[in-house]
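Good morning, and thank you for coming. I would like to take you through one structure, step by step, and I ask you to keep it in view as I speak.

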Amino acid sequence: MWTIANLEKLDHKLHHLRRVEASYRAAIRRAQQAMRENTADPVKAKKKFEKIRAKHELKIAKLQPKVKQLTNLRAERKG
């Protein structure tokens, strides 16, 4: 039986995971902006950006199945 408290807990966890995912995406955007501003050595700046992007995209890829599973569970329990 799913109580209101359990559903709120599920919502809270889902909200937290989405915030974490958004922070990873923001880090990618910040790195891209820093790359654009760094015109002294564009090759080095692009390499640094690609490294940061790859790291955060890997974290996002690990997080998305959890978010999807919780979203499906929430829809199943709410509906």
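Let me begin with a question: does E21 count as buried or exposed? With a relative accessibility of 13%, E21 counts as buried, because the cut-off for buried is under 20%. Please bear in mind that we are looking at a predicted model.

In general, an α-helix has 3.6 residues a turn, so residues three or four places apart point the same way. R25, for its part, is partly exposed, with a relative accessible area of 36%.

Let us now consider the two helices in turn. Helix 1 has 34 residues, which should span 50 Å at 1.5 Å a residue; its end C-alpha atoms are 49 Å apart, and so the two values agree. Its buried residues include L7, L10, L14, L17 and Y24. Helix 2 is part of what covers the buried residues of helix 1.

Helix 2 runs from residue 42 to residue 78 and has 37 residues. From first C-alpha to last it reaches 50 Å, close to the expected 54 Å. Where does helix 2 have a kink of about 30 degrees? The kink lies at L63, shortly before the proline P65. L63 is also one of the buried residues of helix 2, a list that includes A45, F49, I60 and V67 as well. Helix 1, in turn, is part of what covers the buried residues of helix 2.

Not counting residues up to four places away in sequence, L63 touches L17, V20, E21 and Y24. The largest nonpolar core has 14 residues, and L63 is among those that touch the most other members, together with L17, F49, V67 and L70. Helix 1 and helix 2 each supply at least two residues of this core. As a general remark, nonpolar side chains tend to be buried together in soluble globular proteins.

H56 lies in helix 2 and counts as buried, because its relative accessibility is 11%.

Finally, I turn to the charged pairs. In general, side chains of opposite charge can pair when their charged atoms come close. The structure holds 6 salt bridges. One of them joins R74 and D11, with the closest N and O atoms 2.5 Å apart. R74 lies in helix 2 and D11 in helix 1, so this pair ties together parts that are 63 residues apart in sequence. R74 is buried, with a relative accessible area of 13%, whereas D11 counts as partly exposed at 31%. A further salt bridge links E76 and R77, at 3.8 Å from N to O. E76 is exposed, with a relative accessible area of 54%, while R77 counts as partly exposed at 35%. Lastly, K46, E50, R53 and E57 are linked in a network of salt bridges.

Thank you for your attention.

Key
Residues numbered from 1 in each chain as written. Predicted model: local features only at pLDDT ≥ 70, side-chain atom pairs only at ≥ 80, totals over all residues. Heavy atoms only, no water. Helix = DSSP H or I, 4+ residues; strand = E, 2+ residues; numbered from the N terminus. Expected span 1.5 Å × (residues − 1). Bend = angle between axes of the 7 residues up to and from the residue. Buried < 20%, exposed > 50% of the residue type's maximum accessible area, 1.4 Å probe, protein only. Contact = heavy atoms within 4.5 Å. Core = buried A, V, L, I, M, F, W, Y, C linked by side-chain atoms within 4.5 Å. Salt bridge = Lys/Arg side-chain N within 4 Å of Asp/Glu carboxyl O.
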